[in-house]
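Me: Hi! Could you walk me through the side-chain packing and pairing in this one?

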Amino acid sequence: MKFGEHMKANIAPEYGSDPYLNYERLDRIIVELSRTKPSRANESRVVSMTAPPQTNAQGLDTSKVDVTEETFLAQIDADMVKVEKFTLSQVTAIRAKILELENLLKEQPTSLLSSNASNSQASSHGWNEKDIADRADEIGNDFLRLEKYVNINFMGFHKILKKHDKNLPNNPCKVFYINRLHAQAWVRGDYSDIVVRLSNIYAAIRQDHIAEENKGAAQFFQRSTTKYWVKTEDVSRVKYVILRHLPVFLQKTSTGESDSQFTNSVYLDNDQLELYHGRLDKTPGAIALRLRWYGSGDPTLVFVERKTHNEKWLGEASVKERFTIDESEVPLLLQGKYPIEQKKQVMIDKGKSPKEVEEWYTLVQEVSQVIVSKQLVPTMRTQCMRTAFQIPFDATVRVSLDTNLCMISERGYDLQNMQVWHRDKSWVLNKNEITRFPHAVLEIKLEMNEGNMTPPKWVTDLQNSGMLYECHKYSKFVHGCAVLLPDDVRSVPYWVDDISLRQSILESGADRILATEDVGTGPGATSIYHHMLPFGTTVDDRTETALGRTSADKAASRGLVGERAPMLGTPANYGVNFYSGADDDQYGCDQPEDEEDGFCGWVFPFCSRNNNGFDANVLAPTSVQKIEPKVFFANERTYLHWLHHGVILSSIAAGILAFSEDTGELWGEWYALALLPISLGFCIYALHIFLWRADRIKTRIPGRWDDPKGPIFLGSAVVIILTINFIVKLVAIAKYDQGEL
């Protein structure tokens with residue numbers, strides 16, 4: 001589908017076509033100009049007021065041509081003004097609706113927000129919790145609809161200007177108008193205040209302000225952290241889904257409250273990048289050390305954080321610990337001269353508990369020792385705008401969203417004996433000293449107690465919405481070091497081969513870590529786990545068709561990975577579906593419906609077209625399977641158990657066959673001959689399942705790794721044979737009692 005048709009199909013009925021970019025008219029102007037072939041503008045610096053005007057390539061007077069280059073430029077200018085005016089008017093209207101709702105909340109008693117409020121109380125005030133939530137939902141939908149309007153017009157301007165320069169190379173104008181486009185208020189404007197105010201409204205409905213710390217809660221939790229990539233165009237949708245259930249952690253800025261906070265983290269490492277390789281290889285006990293501060297200004301309070309990786313299958317959880325120091329004390333810490341004993345005494349004088357003091361002392365001492373012993377220095381810095389979501393005193397679900405993420409190298413300048421430990425913001429960066437990550441990074445932290453191990457439904461719905469692309473064990477520190485220090489790393493993470501990152505990596509001059517376009521993936525683990533890349537590779541490009549890890553997992557869980565993976569089909573309904581066909585574009589394609597499995601596929605998973613064990617319409621879990629060493633041994637042990645039973649059956653069949661020849665019983669021979677192929681089936685099935693499961697373990701394919709059908713079939717065959725044998729023996733005994741034998 002061409003973009004003009006795509007744009008027409010995505011016009012919001014609430015807006016109509018008038019506020020949109022007039023793409024069709026601009027396209028017709030380009031076609032007409034291409035036909036007349038206007039020549040390059042005359043570069044002469046003098047004119048004659050009495051000479052006739054110049055002619056075009058067809059010998060026609062340019063003053064008498066109906067469509068000129070000026071016609072196109074005038075239309076572009078008019079459309080830019082129109083889109084900007086409409087966008088700002090809609091933002092003003094949305095803010096007015098929010099203000100009205102906020103005033104309504106202030107006027108009414110808080111008790112009526114409770115779901116326990118009686119209908120008579122609610123009706124006397126004219127509204128209740130559901131009414132206020134519906135009005136908030138309406139405002140949220142209006143904002144998301146407006147963002148979609150902005151995005152489709154923004155893309156339209158890019159495409160029509162690119163088409164203009166391609167068809168009319170003598171009069172290029174894209175660079176000028178793109179720069180002008182990015183400077184307009186409807187593009188560069190920050191409307192995060194709408195998110196903040198909506199969050200406050202939903203928080204008032206949930207009554208988050210009355211939450212209290214529950215110190216008597218259970219102390220045994222199962223914690224899990226999963227990271228996802230989020231496309232820029234989906235950031236607002238994801239924020240809206242989350243803020244309906246969790247309040248935004250507000251940040252104070254010079255212009256008021258914002259939903260995000262500028263965050264800097266300087267990571268330490270040595271010349272051998274020992275910490276980088278430890279975190280990349282997930283070595284037990286591998287640490288990451290960083291110095292973090294918040295705000296766009298110079299740091300004042302610095303958080304020193306240590307993250308330690310532990311293997312969960314060994315019963316140890318990964319740990320993150322931190323303590324705070326003043327910015328002036330950072331050089332002392334990096335030099336190994338931090339006054340630990342003095343600070344410890346200060347804590348004791350302030351009345352801190354002995355346990356708290358001892359834990360702080362141990363952590364600071366260990367951090368100081370590892371900095372000196374490993375010769376750690378500032379290596380890489382991450383910058384982002386972080387939005388945090390969490391209900392006060394409730395750690396069940398915590399969410400953070402990092403946007404405008406970039407990594408900056410902290411190598412290549414004089415540290416001045418650790419007096420300078422991060423680049424000054426006034427320094428100009430070279431292209432190989434900074435890399436901008438093209439996606440937002442969403443992190444979901446769940447803390448489930450033993451009584452309830454099921455995450456909230458809204459979390460599961462968000463994970464399966466198609467807006468999240470899980471990247472297993474993604475690390476900003478690892479990504480930054482791999483891209484900005486390509487000559488120093490021995491290995492790189494698997495996700496660098498994702499095609500959506502390729503351009504940003506090339507712009508940073510790190511093409512050394514990338515595979516060639518005709519290969520797609522580098523050697524090693526990436527060649528095995530390439531199906532885990534959210535957007536595919538240069539060989540298997542899913543940039544425009546990927547619908548989150550969920551859809552990719554559905555194909556992968558059916559064993560369709562690599563070249564066997566099908567193109568993704570019709571987009572799933574996610575977020576707010578404003579109008580039908582909203583997400584259909586020229587990149588989509590139809591996916592064939594699942595075919596029914598034959599008898600062979602029903603028994604043997606390798607032959608099944610749908611071998612995940614789930615209903616065909618249910619998407620596979622988003623999470624990537626966790627591989628522990630015991631999984632490989634369990635697969636081998638299961639294989640040996642199946643072989644053991646096959647050998648037992650074949651031994652029984654051989655014994656029956658031998659004795660039946662001596663006794664001359666014909667039925668015994670038939671019985672033994674029936675058991676032999678069943679025992680052979682056990683052995684073949686055991687080998688088949690072993691190879692099938694080993695392949696899924698190796699590629700970490702999500703979904704079920706057991707076969708619920710094969711054992712039923714083989715077991716039923718054995719039961720049928722035994723039942724027939726039992727009936728035959730009963731008949732023989734009956735005949736014997738009647739004297740027939």
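Reply: Happy to; below we go through cores, salt bridges and aromatic rings. This is a predicted model, where local features need pLDDT of at least 70 and side-chain atom pairs count only at pLDDT 80 or more, while totals for chains, interfaces and linings use all residues. Residues are numbered from 1 along each chain as its sequence is written, and side-chain values use heavy atoms, with hydrogens and water left out.

Me: Great. How many residues has the largest nonpolar core?

Reply: The largest nonpolar core has 75 residues. A core here is a set of buried Ala, Val, Leu, Ile, Met, Phe, Trp, Tyr and Cys residues joined through side-chain atoms within 4.5 Å. Buried means under 20% relative accessible area, exposed over 50%, and partly exposed in between, using a 1.4 Å probe and protein chains only. The residues with the most contacts inside this core are Phe72, Ile76, Ile242, Leu442, Ile444 and Leu462.

Me: And which helix gives the largest share of this core?

Reply: Helix H5 (residues 129–167), with 13 residues. Helices are DSSP runs of H or I with at least four residues, strands are runs of E with at least two, and both are numbered from the N terminus.

Me: What is Ile444 in contact with, leaving aside neighbours within four places in sequence?

Reply: The list for Ile444 includes Ser224, Thr225, Thr226, Tyr228, Arg398 and Leu462. Contact means heavy atoms within 4.5 Å.

Me: What does Glu100 form a salt bridge with?

Reply: Arg135, with the closest N and O atoms 3.2 Å apart. Glu100 lies in helix H3 (residues 69–107) and Arg135 in helix H5, so this pair ties together parts 35 residues apart in sequence. Glu100 is partly exposed at 47%, and Arg135 is partly exposed at 32%.

Me: How about Arg306, buried or exposed?

Reply: Arg306 counts as buried, at 12% relative accessibility. Arg306 forms a salt bridge with Glu366, the closest N and O atoms being 2.8 Å apart, and Glu366 is partly exposed at 35%.

Me: Okay, rings now. How many aromatic pairs does the structure hold?

Reply: There are 23. Rings of Phe, Tyr and Trp (its six-membered ring) pair if their centres lie within 6.5 Å; planes under 30 degrees apart count as stacked, over 60 as edge-to-face and the rest as tilted. Tyr15 and Tyr149 have ring centres 5.6 Å apart and planes at 80 degrees, so they are edge-to-face.

Me: Are Tyr15 and Tyr149 buried or exposed?

Reply: Tyr15 is buried at 15% relative accessible area, and Tyr149 is buried at 1%.

Me: Which residues do ring pairs link into a cluster?

Reply: Trp229, Phe437, Tyr469, Tyr474, Tyr494, Trp495 and Phe535.

Conventions: A salt bridge is a side-chain nitrogen of Lys or Arg within 4 Å of a carboxyl oxygen of Asp or Glu.
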